[in-house]
Amino acid sequence: MTGDDKKERSTPDRLADLFVEDILAASDSEILAEFAERHGDIAKNAADGRALFEKSLLAANKAKLHAAQAAVAAKRFAGNVTVFDIGEAREKLRRALAACPPEMKLTLAARKENELSDADVIGMLEDFEELGVLPPRDGK
Amino acid sequence: MLLSPAERLLQELGITEPKEIDLEAIAHHVGARVKFRPLDGCEARIVGCNGAAIITVNERSPPRRRRFSIAHELGHWCHDRGKHLVCRVEEMRPRDQLSPERIADGYAADLLMPRYLFKPAARVYPKLNFKTVSELASAFDASITATAIRLVEDRHSPALLVCHGKGGRKWFSRGTDVPPRWFPKDTLDAESYAFEVLFGAKPDDPMPRKIGADAWFDRWEAERYELLEQTVRTGDDEILTLVLITDHHMLEESGR
């Protein structure tokens, strides 16, 4: 802040500056004493403030849960019935598992393809399509 | 209290009661969608790519098993992205090695029964028995087995949890307050009440019953002590027994 700026500042601004300077010049114990004089028990006020903050944080976090619940309810739908050639589906799944590069961060916490039933192979292929690992089949 | 990754996730969503643990919503929050459909080979699977995943759960499984499966797959999603794994989701049971499956099981237990909610709820029950287990399992919508493991491993009371099939002991879990020298026998002792439940088709024990410790442990000092056992049936050919250590001498580090 330059001297010229200071001249141009209004009286309330200069008063505010004075208050700020006063606060910055005061020691911690002086500030605490002044606070206690005006608002009472410091520890109680700190605890009340902390409780208010935690209550607000909890409400914000619960809002995230409610948003997720609403999104789940909105997305719930019956899957379409699709027709697969099972041999082709197994080959497609095998290729997808073999070809997936590590940088794609593909996670497969499930059984190996040759241990999967036909229904499980088809279900997994549908999941891969939904996640964009495999392109959707024609007509989907 | 130091929070686990699953517990941090629950707190991120402001979950303060067991009934708020909505696994589909939690999955959505971490980019995973849950589908229910018949599965032939396993209880559940996860397919994920670039931050999005689909968890498919066997719709024919009982509700609490489905919940465990979702939580288990969310454990994979949080720990094992980018790895190719073979996954057979089984009922909650302790596993011996630090495998991805064990990590996913631990994650599932923390998600279904977070300690910051479970411990205060468990403290309401002064005695460890299957009534306590059953009531907590209902409150957290978790299986009897998973809930009993959590109670024993969290040292509600000094105890072991032992699972037997007709072929012998399948697995056991021991609280860290019970010295490791107390290793349960491989096969059920014919004197134990558990034997009658498994082989004699007797009903579940309504409450723990006193029995000599040598019915459960093959150690020279076991004949000096008594303990409590309570057994419930968890399957056609499977029982779960709480072995409660009531003599504090058994908890001393070295045997007398």
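## Basis

Contact here means heavy atoms within 4.5 Å. Among contacts in chain B between residues at least 6 apart in sequence, 53% join residues at least 24 apart.

The model is predicted: local features need pLDDT of at least 70, side-chain atom pairs count only at pLDDT 80 or more, and totals for chains, interfaces and linings use all residues. Side-chain values use heavy atoms, without hydrogens and water, residues are numbered from 1 along each chain as its sequence is written, and chains are lettered from A and ligands numbered from 1 in the order in which they are written.

## Chain B overall

Chain B holds 8 helices and 9 strands. Helices (H or I, at least four residues) and strands (E, at least two) are DSSP runs, numbered from the N terminus. Along the principal axes, the C-alpha atoms of chain B fill a box of roughly 60 × 40 × 30 Å.

Of the 256 residues of chain B, 53% count as buried. Buried means under 20% relative accessible area, exposed over 50%, partly exposed in between (1.4 Å probe, protein chains only). Chain B exposes about 11300 Å², and carbon and sulfur atoms supply 50% of that area. Accessible areas come from the Shrake-Rupley method with a 1.4 Å probe; for residues, only the protein chains shown count as cover.

## Nonpolar cores

A nonpolar core is a set of buried Ala, Val, Leu, Ile, Met, Phe, Trp, Tyr and Cys residues joined through side-chain atoms within 4.5 Å. The largest has 53 residues. Among the members that touch the most others are Ile15(B), Leu23(B), Leu74(B) and Leu111(B). Leaving aside residues up to four places away in sequence, Leu23(B) touches Arg67(B), Ile70(B), Ala71(B), Leu74(B), Leu111(B) and Leu112(B). A second, separate core has 21 residues, including Leu188(B), Trp216(B), Phe217(B) and Leu227(B).

## Salt bridges

A salt bridge is a side-chain nitrogen of Lys or Arg within 4 Å of a carboxyl oxygen of Asp or Glu. Over all chains, the structure holds 28. One network links Asp127(A), Glu130(A), Arg33(B), Lys35(B) and Arg45(B).

Glu43(B) pairs with Arg65(B), with the closest N and O atoms 3.6 Å apart. Glu43(B) sits in the loop between strands S1 (32-37) and S2 (44-49) of chain B and Arg65(B) in helix H3 (residues 63-79) of chain B, so the pair ties together parts 22 residues apart in sequence. Glu43(B) is buried at 14% relative accessibility; Arg65(B) is partly exposed at 27%.

Asp154(B) and Arg115(B) meet at 2.9 Å, N to O. This pair links the loop between helix H7 (144-153) and strand S5 (159-165) of chain B to helix H5 (residues 115-123) of chain B, 39 residues apart. Asp154(B) is buried at 17%, and Arg115(B) is partly exposed at 25%.

## Positive phi

Most residues other than glycine have a negative phi. Asp141(B) has a positive phi near 50°. Asp141(B) lies in the loop between helix H6 (130-140) and H7 of chain B and is partly exposed at 31%. Arg155(B) has a positive phi of about 60°. Arg155(B) is in the loop between H7 and S5 of chain B and is partly exposed at 47%.
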